[in-house]
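This report describes one protein structure for a reader who is new to the subject. Please look over the sequence and the model before reading on.

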Amino acid sequence: MQTIDEFLNKWTGKKCDYDKAFGAQCVDLFRQLCQDVLGIPHTGGVEGAKDLFLNYEKMPLEKKYFEKVYINPCVGDVAVWGPTDKNKYGHVAIVMGVVDGCSILVAEQDGFKQDGVKFKVRSLENCLGFLRFKK
């Protein structure tokens, strides 16, 4: 098992393709985090990142290991955004810090750009909520 710092040192600037399908996507980084840092199994298939939050009630392993949180994100939470006109799949990223009431610092990967893991300040607009690991 790795710490979150070890995990990000390993992956920052590199492409993480957990399932070896469709290239390096945001959900791949989430799956790799679950395996390497949290030590938990794959929590169930999704069509897109949004489904990690929207289909939570239908995913028994996800419910076992994560709780849904709607406010006050913490470092290590997993933020999930809903679909947009340009991205029907939504987005998922690892919370690294709170910037202010409207934005957070995340570690993420962009499946459209295929440019690897990076840090970015993201708006909380359209954020569905957060998945918090049950310790």
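**Basis of the description**

This is a predicted model, in which local features need a pLDDT of at least 70 and side-chain atom pairs count only at pLDDT 80 or more, while totals for chains, interfaces and linings use all residues. Residues are numbered from 1 along each chain as its sequence is written, and side-chain values use heavy atoms, with hydrogens and water left out.

**The whole chain**

The protein has four helices and six strands. Here helices (H or I, at least four residues) and strands (E, at least two) are DSSP runs, numbered from the N terminus. Read from the N terminus on, the order of the elements is α-α-α-α-β-β-β-β-β-β. The radius of gyration of the protein is 13 Å, close to the 14 Å that the globule rule gives for 135 residues, so the protein is as compact as a globular protein of that length. This radius is taken over C-alpha atoms, and the globule rule is 2.2 Å times the number of residues to the power 0.38. Along the principal axes, the C-alpha atoms of the protein fill a box of roughly 30 × 30 × 25 Å.

Of the 135 residues of the protein, 44% count as buried. Buried means under 20% relative accessible area, exposed means over 50%, and partly exposed lies in between (1.4 Å probe, protein chains only). A contact means heavy atoms within 4.5 Å. Among the contacts in the protein with a separation of 6 or more, 55% are accounted for by residues 24 or more positions apart.

**Helices α1 and α2**

Helix α1 (residues 4–11) packs with helix α2 (residues 26–38) at an angle of about 135 degrees, and their axes are 10 Å apart. The axes are lines fitted to C-alpha atoms, for helices over the stretch in contact, and angles run from 0 to 180 degrees between N-to-C directions. α1 and α2 are therefore oblique to each other. Angles under 35 degrees count as roughly parallel, over 145 as roughly antiparallel, 65 to 115 as roughly perpendicular and the rest as oblique.

Which residues meet where α1 and α2 are in contact? From α1 come I4, F7, K10 and W11, and from α2 come L29, Q32, L33, D36 and V37. The residues of this contact divide into six nonpolar, one polar and two charged. In this grouping Ala, Val, Leu, Ile, Met, Phe, Trp, Tyr, Cys and Pro count as nonpolar, Asp, Glu, Lys and Arg as charged, and the others, Gly among them, as polar.

**Residues in helices and strands**

F30 is found in helix α2. Is F30 buried or exposed? At 2% relative accessibility, F30 counts as buried. Leaving out residues up to four places away in sequence, F30 touches T43, L52, F66, V78 and V92.

A107 is found in strand β4 (residues 103–109). At 0% relative accessibility, A107 counts as buried. With residues up to four places away in sequence not counted, A107 touches L8, L29, A93, I94, M96, K118 and F119.

K118 lies in strand β5 (residues 117–123). With a relative accessible area of 23%, K118 is partly exposed. Besides A107, K118 touches V106, E108 and D110, again not counting residues up to four places away in sequence.

**Residues in loops**

K20 is found in the loop between α1 and α2. K20 is exposed, with a relative accessible area of 68%. N72 is in the loop between β1 (66–69) and β2 (78–81). N72 is exposed, with a relative accessible area of 59%. Most residues other than glycine have a negative phi. K20 has a positive phi of about 55 degrees although it is not a glycine, and N72 has a positive phi of about 55 degrees although it is not a glycine.

K88 is found in the loop between β2 and β3 (91–100). Not counting residues up to four places away in sequence, K88 touches E47, K50 and P83.

**Distances between some residues**

The table lists C-alpha to C-alpha distances.

| Pair | Apart in sequence | Apart in space |
|---|---|---|
| F30 and N72 | 42 residues | 20 Å |
| A107 and D51 | 56 residues | 19 Å |
| K88 and K14 | 74 residues | 25 Å |
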